[in-house]
Amino acid sequence: MGWLTKILKGSSSSHRISEGRYHDRYENEEVWEEPPSTEDALSDFDQEEIDRAIAFSLVEEDERSALSLVEDDKKSARSSVHEHEEEEVEEEGSVSSLEEDHNDAVSSPEPEQHNRGSNYPSEEDHKGKKVIDEDSHLEEEDEQLAKAIQESLNMNLNSPPRNNHGSLFPRLPSFFPGVYRICAGCNGEIGHGRFLSCMGGVWHPECFRCHACNIPISDYEFSMSDNRPFHKSCYKEHHHPKCDVCKNFIPTNGAGLIEYRAHPFWLQKYCPSHEHDGTPRCCSCERMEPRDTKYLLLDDGRKLCLECLDSSIMDTHECQPLYLEIQDFYEGLNMKIEQQVPLLLVERQALNEAMEGEKHGHHHMPETRGLCLSEEQTISTIIRRPRVGAGRIIDMFTEPYKLVRKCEVTAILILYSLPRLLTGSILAHEMMHAWLRLKGYSNLPPDVEEGICQVLAHMWLDSEIMAGSSGTNAAAASSSSSSSSSSVPVSSKKGKRSQFEKQLGEFFKHQIESDTSAAYGDGFREGNKAVLKYGLRSTLEHIRLTGRFPC
């Protein structure tokens with residue numbers, strides 16, 4: 001059974017929190033709060049905000065103020081010059097009149113002097129004077145205005161204006177008074193104070209909480225899964241894969257990726273290092289045994305988990321009821337085996353020795369767990385359940401059994417200590433070998449013979465799983481076609497299976513279905529397809545005539 005190697009990213013990508021402050025309802029994403037009064041202690045974060053805001057505010061304010069002051073002062077200066085010129089003209093006329101009255105009282109001046117002093121200049125003379133006097137006066141006023149503007153700018157730069165709240169820059173106006181900031185956590189309005197901007201929304205700091213521990217996330221970085229925030233430590237605890245053997249977090253490889261092994265059926269994950277550190281694996285269900293878990297060490301070096309041990313068959317006598325059940329299964333398919341073929345449970349060594357002396361048959365390497373013999377041999381069989389102590393087999397009770405050839409099949413051998421469902425599926429497979437030989441199906445290609453034997457093993461597992469699920473002697477699905485149907489016998493094992501035994505039966509079916517070998521795997525898939533399409537009886541007849549599966 002091939003185990004899978006999976007590589008994942010080491011962790012979820014980190015997300016960052018953008019923190020801000022607000023005082024009013026603004027549409028802008030970045031809104032700064034007025035700095036606290038002098039008696040309040042400012043945090044480092046607040047002081048950085050104030051410094052940044054002062055810099056931006058002063059530059060913008062200075063540019064606007066400078067332009068405004070220049071324009072206003074120029075307009076005011078020009079207006080003042082015109083008013084001052086008109087006042088001088090009026091005063092000059094008034095003085096001339098007084099002088100005229102005074103001169104009349106004292107003496108009589110000459111006519112030219114009287115006319116020049118008492119009359120205003122002509123239109124041409126007045127305009128010329130006004131132009132000359134105005135230019136001279138404007139130059140003087142411009143110089144004074146320039147000095148005033150320069151002094152004003154210097155004062156603004158050295159001492160920024162403060163509002164009545166003690167702020168170094170004026171309070172920002174509410175440009176969008178009708179827009180509210182709504183917390184993405186509680187859906188309430190965000191009032192005064194700090195807020196967090198992340199995950200496409202804004203949050204009260206106390207509302208942005210870890211989905212695992214429900215504690216507010218105050219870290220600068222956080223992790224996400226299914227659009228939900230997590231503390232980085234909580235995310236690792238809940239989403240970083242843990243080894244099912246050592247219970248530790250599976251470490252990352254040199255590239256920063258998580259690499260682990262996974263069983264294709266049980267989905268057990270474990271560190272790659274456990275394949276080489278002696279971690280035991282059950283010989284039946286193929287699961288790695290977790291640390292500090294008890295298991296049974298068999299005398300041939302195999303390891304059996306306690307769950308598989310619970311339904312294991314240990315000796316030849318214990319296996320006889322199961323043998324009768326499978327004989328009934330075959331009889332229900334109209335495939336009764338008339339000859340009495342001995343069934344023996346043996347150790348691994350005895351099975352390997354018998355396989356070497358057998359001339360016929362196709363054996364599934366690297367380990368054979370069942371064998372249909374056609375030769376006369378002497379086999380060492382287990383006659384009594386072995387004693388178990390301290391996690392291992394203590395005593396094995398065996399005796400030699402002489403096989404005598406009375407027909408084409410001398411015996412069926414099954415490896416001991418396997419769970420009942422696995423023992424039964426192997427026995428159903430080997431009994432199909434016996435049926436083919438006894439019925440004259442000779443010299444079949446390996447993929448055809450092994451393939452049809454696997455089909456019968458798979459059918460028996462189906463019947464047992466269905467019977468165990470219903471808790472009664474339910475009938476299994478028929479393997480025959482609509483034109484040639486036959487009933488499938490019920491299992492004689494009464495009572496519901498445990499949940500693990502149901503899973504174990506599905507696993508053994510999965511093993512047959514996913515086998516990658518040409519004879520056992522490809523042969524099963526081709527044979528099962530033919531049986532589903534044409535029925536078991538028609539498929540067997542086609543095999544007898546052609547030696548191949550029907551297309």
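The following dialogue explains how to read several features of this predicted model.

Me: What should be kept in mind about the model and its numbering?

Reply: This is a predicted model, in which local features need pLDDT of at least 70 and side-chain atom pairs count only at pLDDT 80 or more, while totals for chains, interfaces and linings use all residues. Residues are numbered from 1 along each chain as its sequence is written, and side-chain values use heavy atoms, with hydrogens and water left out.

Me: How many helices and strands does the protein chain have?

Reply: Helices (H or I, at least four residues) and strands (E, at least two) are DSSP runs, numbered from the N terminus. In the protein chain there are 12 helices and 18 strands.

Me: What share of the residues in the protein chain is buried?

Reply: A residue is buried under 20% relative accessible area, exposed over 50%, and partly exposed in between (1.4 Å probe, protein chains only). Of the 551 residues in the protein chain, 39% are buried. Accessible areas come from the Shrake-Rupley method with a 1.4 Å probe; for residues, only the protein chains shown count as cover. The chain exposes about 31,300 Å², of which carbon and sulfur atoms supply 49%.

Me: Which residues of helix 7 are buried, and why are they said to line one face?

Reply: An α-helix has 3.6 residues a turn, so residues three or four places apart point the same way. In helix 7 (residues 348-357), the buried residues are Ala350, Leu351, Ala354 and Met355. Seen down the helix axis, these buried residues fall within an arc of 135°, so they line one face of helix 7. The arc is that of the directions from the helix axis to the C-beta atoms. Gln349 and Glu356, on the other side of helix 7, are exposed. The cover over the buried residues includes strand 13 (343-346), strand 14 (370-373), strand 15 and strand 17 (411-415).

Me: How is strand 14 placed, and with which strand does it pair?

Reply: Two strands pair if DSSP finds at least two bridges between them. Strand 14 pairs with strand 17 in the antiparallel sense over four bridges, and Gly370 stands opposite Ile414 in strand 17. Both faces of strand 14 are covered: Gly370 and Cys372 are buried on one side, and Leu371 and Leu373 are buried on the other.

Me: How does the span of helix 8 compare with the expected value?

Reply: The expected span of a helix is 1.5 Å times one less than its number of residues. Helix 8 (residues 420-438) has 19 residues and reaches 26 Å from its first C-alpha to its last, close to the expected 27 Å. Helix 8 is mostly covered, with 18 of its 19 residues buried. Thr423 lies in this helix and is buried, because its relative accessible area is 1%. Not counting residues up to four places away in sequence, Thr423 touches Ile313, Cys319, Leu322, Ile414 and Leu418. Just after helix 8, Gly440 takes a positive phi of about 85°.

Me: Which residues other than glycine have a positive phi?

Reply: Most residues other than glycine have a negative phi, and most peptide bonds are trans. Ala390 is in the turn of a hairpin formed by strand 15 and strand 16, with two residues between them. These strands, residues 378-389 and residues 392-402, run antiparallel and are joined by nine bridges; Arg384 has Phe397 in strand 16 as its bridge partner. Ala390 counts as exposed because its relative accessibility is 84%. Asn187 also has a positive phi, near 65°. Asn187 is found in the loop between helix 3 (123-158) and strand 4 (193-198), and it counts as exposed at 59% relative accessibility.

Me: Is Cys283 buried or exposed?

Reply: Cys283 counts as buried, because its relative accessibility is 18%. Cys283 lies in the loop between strand 9 (269-270) and strand 10 (295-297). Leaving aside neighbours within four places in sequence, Cys283 is in contact with Arg302, Lys303, Leu304 and Arg369.

Notes. Contact means heavy atoms within 4.5 Å.
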